[in-house]
Amino acid sequence: VKRFELNFFDGGPAGLAGILDQAAGVLGRLGDGFPGTVAARLLELRERLASGRLHLAVLGQFKRGKSSLLNALLGEAVLPVSVVPLTAIPTFLRPGAELRARVRFLEDGRVEEFSAAEAGELKAFLERYVTESGNPENRLGVSQVEITHPAAILQEGVVLIDTPGIGSTFRHNTEATLNFLPQCDAALFLVSADPPLTEVEVAFLKQVREKVPKLFFILNKVDYLGAEDRRMVLDFLRGVLAEQAGMKGGQPVFCVSARQGLEARTAGDAALWRASGMAEVEDHLIGFLAGEKSQALHEAVARKARDGIAEVLMRLRLAMRSLRMPLEQLQENLETFRRKIEEVRKERRAAGDLLAGDRKRMHAFLEEHAGELREKAREYLHGVVAEALACDGGNGNPRDEVQDALEEAIPGWFEHQTGATERIFRERMAEVLGAHRERAGGLVETIRRTAAELFEIPYRALEDERAFEMVRRPYWMTHQWAARLSAFPEGVLDRLLTSRARQRRIRKLLDDQLAALVVSNVENLRWATYQSIDETFRRFRSGLDELLAETIAATHGAVQAAMEERQKKGEAVADKILDLEKAREELEALERALKEPGRGPSGRKQEEK
Ligand SMILES: Nc1nc2c(ncn2[C@@H]2O[C@H](COP(=O)(O)OP(=O)(O)O)[C@@H](O)[C@H]2O)c(=O)[nH]1
Ligand SMILES: [Mg+2]
C-alpha cells in the first residue's frame, strides 16, 4: 500500500483539503455548462474528510468491564455498569458539548431525546432503557441509544460503541453482537482474569477477526492480580491468541484496571491514570486515530476526488475539441454519438428487465426460505414444549414451565436464523448484482469510449464504483421476538390436568398458539429480508440511472453545448477556448497532485497531454 507523505494531511494548499478547495474553485469559475454534480461531490468529500469518523466498538464477554472502560475514557460514570448482564442494546458515543441521549425505538423509528445536567442524571436515564431491570427483555422495544459527550477522545474522529457482550444467559445478546460486527472499523477486545479467556470467547474472537479489520487486546481488572499473576495470565493469553485464535506476531496486550482508571479521572489523579494502564490505551488509540484512520480516509477521498476531476477534464477536452473542429465534422460526430447513446439506452432497458426478473426470483427464493423456516421453527418449538412438559412431571404449573421454556428458546433461535438468513441473502445478492454491475459498467464505459474515439481525446476508465456499492445492511436490526403465549383461560390448565379429554384440548390450544408464534416470528424475519432485497435493487437501479445520466451530460452534453455556442457566436469563440484551456491546465495539475501527493499542485511541469 502506497503511503501518502505527511504534507498531504496538512491544512495548507498542498494538503488534500486544499486541493479539493482549489478544484472546487476552478469548477465554480467554469460556471454554466458544467453541471454542479462534480463540484457538489467535491464539497461532500471535503466534509467527509473534515468529519470522517471511525466506528470503534468495545467487544467481549459480558462483565469483562466494557462499559467501565468506556466510562474511564469518558472520564466519568455515564454508562450503566452492572454485575448482571444488560440488554442487547448498543450505545453509540459521539462528540458533543452537552450531555445528551437519544433513544431510538424499533417501532416506526420513534426517538426520545434527553438532556442531562450531569453524568449521574444521564446514567439514571440510560438505566431505564439498557438494563435488564429497567427494560426487561427490551420490552420497551429500543433499537439503539446514542449519547453525546464532551470527552477529549471523542474529538479525535471516532464513534465509540458499547456493545451488549457475548456469553450471557441471554443468547440473543451474542447473536446481536455478531450481526453488528460488519459495522465496526476497529475494536477493543476486552478480556479479564476472572477467569481468563473462555472457550466461548475464543470462538467469538475467531468470528470477530474475520469481520473487524483492526483489533486491540485489553486485559482488564489487573487490580485483582499481583505482578507474578499478571505475567502468568499474560503468557497464557498470548499463547491462546497465537495457538487457538491464530493471531500471529506477538499481539500487544494492554493491561488495565478500568475501575482505577475511572477513579483516577474522577479524582484528577494523573499518576493513578498512568498506573491504571488507561493512559497507555488512550495514547495508543489517539495515535492510531491520527495516523492510520486518517490515512485510509485520505486515500479513499483522494481517489474519489481524482475521479471527479477526471470527469470534468474529459468534459473540458471534449468542449475544446468541439469548439475547434470544423463545423461539418462536428455535426457529423454529434449525429454518430446520438445514435450510440440511443443504442445504450436500449440496452439499459433490457438490463432493467433482467434486473426485474432477478428481483422476482429473489422474492420467490425468500418465500421458499420462509416456508422452510416455518417448518424448522415448528419442529424446534414443539421439541421445546414437549421437553418442558416432560420435565414438569405433573407437579408444577405446566403453563409456566412451557412459557419459561419458550421465552428462553425463541429469541436465541430466531436471532441465529436471522444471522444465517442474512448471510445466505447477502451472498446471493452479491452474486446476482455482480453480473449486473459488470453489464452496467460496460454501458457507462461505452459512452465514454465513444466520446473519446470520436473526438480524439485521451480515454481513462472510471475507478470510482460509487453507484454500485453493495447496499449496506440495515443499520441495526434488533428484533422483538414474540415469545409469549396468550393467556389460557385462568385455571383451565389446573383443572384439566386430571382429565385426559381435557388434556387433549389443552394440547390443541397449545398447538394453535405455537403455530401463531411460528407464523409471527418467521414473518418478522421474512419482512425484514424482503425490504432489504427491495432496497438493494432499488438503489442499484437508481445508482445506474444516475451514473448514465451524468455520463451522457458530461460527454454528449459538452459537445452539444459547444455546438450551440458556435452557432450563436460564430467564430468568436476564441475567448471561451482560452478560458477552458486555463481551467484544463489547473485541473490537470490538481489531478497530478492527487496522484502524487506530497508534491503539491505546482510541483512539476506538465508531461502528459
Ligand atoms: N476489580 C475490577 N472490577 C471491574 C473493573 N472493571 C469493571 N469491573 C467490574 O466488573 C463488573 C462488570 O463491569 P461492566 O463494565 O458492567 O462490564 P460489561 O458487561 O463488560 O460492560 C462490574 O461490577 C464492574 O464494577 C476493574 O478494572 N477492576
Ligand atoms: Mg456493559
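Q: Which residues does Ala193 touch, not counting residues up to four places away in sequence?
A: Ala193 touches Leu219, Asn220, Leu225 and Val233. A contact is counted when heavy atoms lie within 4.5 Å. This is a predicted model: local features need pLDDT of at least 70, side-chain atom pairs count only at pLDDT 80 or more, and totals for chains, interfaces and linings use all residues. Residues are numbered from 1 along each chain as its sequence is written, chains are lettered from A and ligands numbered from 1 in the order in which they are written, and side-chain values use heavy atoms, with hydrogens and water left out.

Q: Where is the place of Ala193, and why is Ala193 called partly exposed?
A: Ala193 sits in the loop between β7 and α6. Its relative accessible area is 22%; buried means under 20%, exposed over 50%, and partly exposed in between (1.4 Å probe, protein chains only). Ala193 therefore counts as partly exposed. The C-alpha atoms of Ala193 and Tyr224 are separated by 8.1 Å, although the two are 31 residues apart along the chain.

Q: How many helices and strands does the chain have?
A: The chain has 15 helices and 9 strands.

Q: What is the order of the strands in the open sheet?
A: The 9 strands follow the order β4-β3-β5-β2-β6-β1-β7-β8-β9, with mixed pairing. The edge strands are β4 (111–116) and β9 (253–255), each of which pairs on one side only.

Q: How do you know that β1 and β7 pair?
A: Two strands pair if DSSP finds at least two bridges between them. β1 and β7 are joined by 5 bridges and run parallel, with Ala57 opposite Ala187 in β7. β1 also pairs with β6 in the parallel sense, over 5 bridges, and Leu56 stands opposite Leu160 there. Strands β2 (residues 91–95) and β6 (residues 158–162) pair in the antiparallel sense over 3 bridges; the partner of Phe92 in β6 is Ile161.

Q: What makes β1 mostly covered?
A: In β1, 7 of 7 residues are buried. Leu54, Leu56, Val58 and Gly60 point one way and His55, Ala57 and Leu59 the other, all of them buried. In a regular strand the side chains alternate between the two faces of the sheet.

Q: How long is α10 against its expected span?
A: Helix α10 (residues 278–324) has 47 residues and reaches 67 Å from first to last C-alpha, close to the 69 Å expected at 1.5 Å a residue. The expected span is 1.5 Å times one less than the number of residues.

Q: Why is α10 called largely enclosed by the rest of the structure?
A: Of the 47 residues of α10, 33 are buried, so the helix is largely enclosed.

Q: How do the axes of α3 and α10 stand to each other?
A: The axes of α3 (residues 66–74) and α10 come within 11 Å and cross at roughly 75 degrees. Axes are lines fitted to C-alpha atoms, for helices over the stretch in contact, and angles run from 0 to 180 degrees between N-to-C directions. Under 35 degrees counts as roughly parallel, over 145 as roughly antiparallel, 65 to 115 as roughly perpendicular, and the rest as oblique. The two helices are therefore roughly perpendicular. Leu69, Ala72 and Leu73 in α3 meet Met278, Glu282 and Leu285 in α10.

Terms used. Helices (H or I, at least four residues) and strands (E, at least two) are DSSP runs, numbered from the N terminus.
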